[in-house]
Amino acid sequence: MTLDDLDRALLLALLERPRVGLREHARSLGVARGTVQARFERLQEAGVITGFAPRVAPSALGYGVLAFVTLHIAQGRLDAVAEHLASIPEVVEAHSITGDGDLWCRVVARDNAHLEQVIQGVLASPGVERTQSEISLTERVPARVLPLVRALPTRPTRR
């Protein structure tokens, strides 16, 4: 999907002020509310805008340990392992990867002992041959997309 300047401006507005309604965004962008609504819906349908939920800090829920776990999986077992991982609440993200390993997971735990239990639960999945874990010490750059939107090239708005 090619984004024009109005799409980019709308995305910037939504990211910079996510609690503001579409009517206010339309006013600040100087376009009709219907235009903003149509653009918003088009961006959703195209998969550019993917969610509206607040970001919740796992640490605030008592999960103070964050680890990155690389899984090595037996041939043909990737889908079954991914299904098993989805059943473990502490596995908050999983990606198929290239390089050394087959799946990369972001895992949270209450403490190191709990992390060991979570990893044992991951290893209980038939097909997981071994894991490699790294514990995060400090988040240096939080997950973000605003800089990507700001870096988009300008493209004239379609009329």
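**Ring pairs and salt bridges**

A: W104 is partly exposed, at a relative accessible area of 24%. Please note that the model is predicted.

Q: Which ring is W104 paired with, and how are the two arranged?
A: W104 pairs with F68; the ring centres are 5.4 Å apart and the planes meet at 15°, so the pair is stacked. Planes under 30 degrees apart count as stacked.

Q: Where in the chain do those two lie?
A: F68 belongs to strand 1 and W104 to strand 3 (residues 103-109), so the contact ties together parts 36 residues apart in sequence.

Q: And is F68 buried, exposed or partly exposed?
A: F68 is partly exposed, with a relative accessible area of 25%.

Q: How many aromatic pairs does the structure hold?
A: There are two aromatic pairs. In the pair of F40 and F52, the ring centres lie 5.7 Å apart with the planes at 40°, so this pair is tilted. F40 sits in helix 3 (residues 33-45), and F52 in the loop between helix 3 and strand 1 (65-73), so the pair ties together parts 12 residues apart in sequence.

Q: Buried or exposed, for F40 and for F52?
A: F40 is buried, with a relative accessible area of 11%, whereas F52 is exposed at 56%.

Q: Turning to charges, how many salt bridges are there?
A: The count comes to seven salt bridges. Among them is the one between D4 and R39, whose closest N and O atoms are 2.8 Å apart. D4 is in the segment before helix 1 (5-16) and R39 in helix 3, 35 residues apart, so the bridge links distant parts of the chain. Both residues, D4 and R39, are buried.

Q: What does R150 pair with?
A: R150 forms a salt bridge with E16, the closest N and O atoms being 2.9 Å apart. This bridge also links distant parts of the chain: R150 is in helix 6 (residues 146-150) and E16 in helix 1, 134 residues apart. R150 is partly exposed at 45% relative accessible area, and E16 is partly exposed at 43%.

Q: Which residue does E93 meet in a salt bridge?
A: E93 meets R106, at 2.8 Å from N to O. E93 lies in strand 2 (residues 91-96) and R106 in strand 3, so the bridge ties together parts 13 residues apart in sequence.

How values were computed: Residues numbered from 1 in each chain as written. Predicted model: local features only at pLDDT ≥ 70, side-chain atom pairs only at ≥ 80, totals over all residues. Heavy atoms only, no water. Phe/Tyr/Trp six-rings, centres within 6.5 Å; stacked < 30°, edge-to-face > 60°. Helix = DSSP H or I, 4+ residues; strand = E, 2+ residues; numbered from the N terminus. Buried < 20%, exposed > 50% of the residue type's maximum accessible area, 1.4 Å probe, protein only. Salt bridge = Lys/Arg side-chain N within 4 Å of Asp/Glu carboxyl O.
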